[in-house]
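Welcome! Let's explore this protein together, one question at a time.

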Amino acid sequence: MAVNAKSLEPESILELVKRAQGGSVSAFESLYRHHANHIFLLCLRMSGCKGHAEDFMQETFIKAWQALSSFKGDSQFSTWLHRIAVNTVLADKRKNSLDLVHDHDWEREFEQSLAATHTASQMDLEKTIVQLPSQARHVLVLHDLMGMTHQEIGQQLGIAAGTSKAHLNRARGLMRELLE
């Protein structure tokens, strides 16, 4: 799953976005290469399943291509892309109204995809996040990793802001237990 991409400066990303908005498939391909690992990891964190995460990542980029003209540059492209990914995972969760389950090979695949970019303790942290119950995992990822407020999380997940806070507290407590 690892996609090797050179680091791009924000100005380069905006230039690629403008070219992609003009119809350049190669520019969008460069954006894909640059952001694919981050989007995959976000989808994996939220779904807990490599197969689902790959599907969600692909769907995210398809939606991004289709909605590229709506990106106005008010936020970073990565932020816009992350929102699409989160909405994609949550829409699937609502549609299927089932918690996504872990596949048995996820840990090996997870380690292989992160080996080049993460230390052993970072991988342990990532594996722990994926093991959390879905609601706690979603709130933790959205709050601590995506920087969303409890109000925004509540709107995304259809829960009260106070419930979001409770899930975050639960997630952090479970993380401490699992990491000990």
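## Getting to know the fold

Q: Which residues is leucine 31 in contact with, leaving aside its neighbours within four places in sequence?
A: Contact here means heavy atoms within 4.5 Å. With neighbours within four places in sequence set aside, the partners of leucine 31 are Ile13, Leu16, Val17, Ala20 and Phe77.

Q: What kind of model is this, and how are residues numbered?
A: This is a predicted model, in which local features need pLDDT of at least 70, side-chain atom pairs count only at pLDDT 80 or more, and totals for chains, interfaces and linings use all residues. Side-chain values use heavy atoms, with hydrogens and water left out, and residues are numbered from 1 along each chain as its sequence is written.

Q: How many helices are there in the protein?
A: Helices (H or I, at least four residues) and strands (E, at least two) are DSSP runs, numbered from the N terminus. The pattern along the sequence is α-α-α-α-α-α-α-α-α. With 0 strands, the protein has a helix count of 9.

Q: How do H2 and H6 lie relative to each other?
A: Axes are lines fitted to C-alpha atoms, for helices over the stretch in contact, and angles run from 0 to 180 degrees between N-to-C directions. H2 and H6 pack at about 45°, with their axes 7 Å apart. Angles under 35 degrees count as roughly parallel, over 145 as roughly antiparallel, 65 to 115 as roughly perpendicular and the rest as oblique. The angle therefore makes H2 to H6 oblique.

Q: Which residues of H6 make the contact with H2?
A: On the H2 side, the contact is made by Leu41, Leu44 and Arg45. From H6 come Glu126, Ile129 and Val130.

Q: How do H8 and H9 lie relative to each other?
A: Helix H8 (residues 150-157) and helix H9 (residues 161-179) pack at an angle of about 100°, with their axes 8 Å apart. That angle is why H8 to H9 counts as roughly perpendicular.
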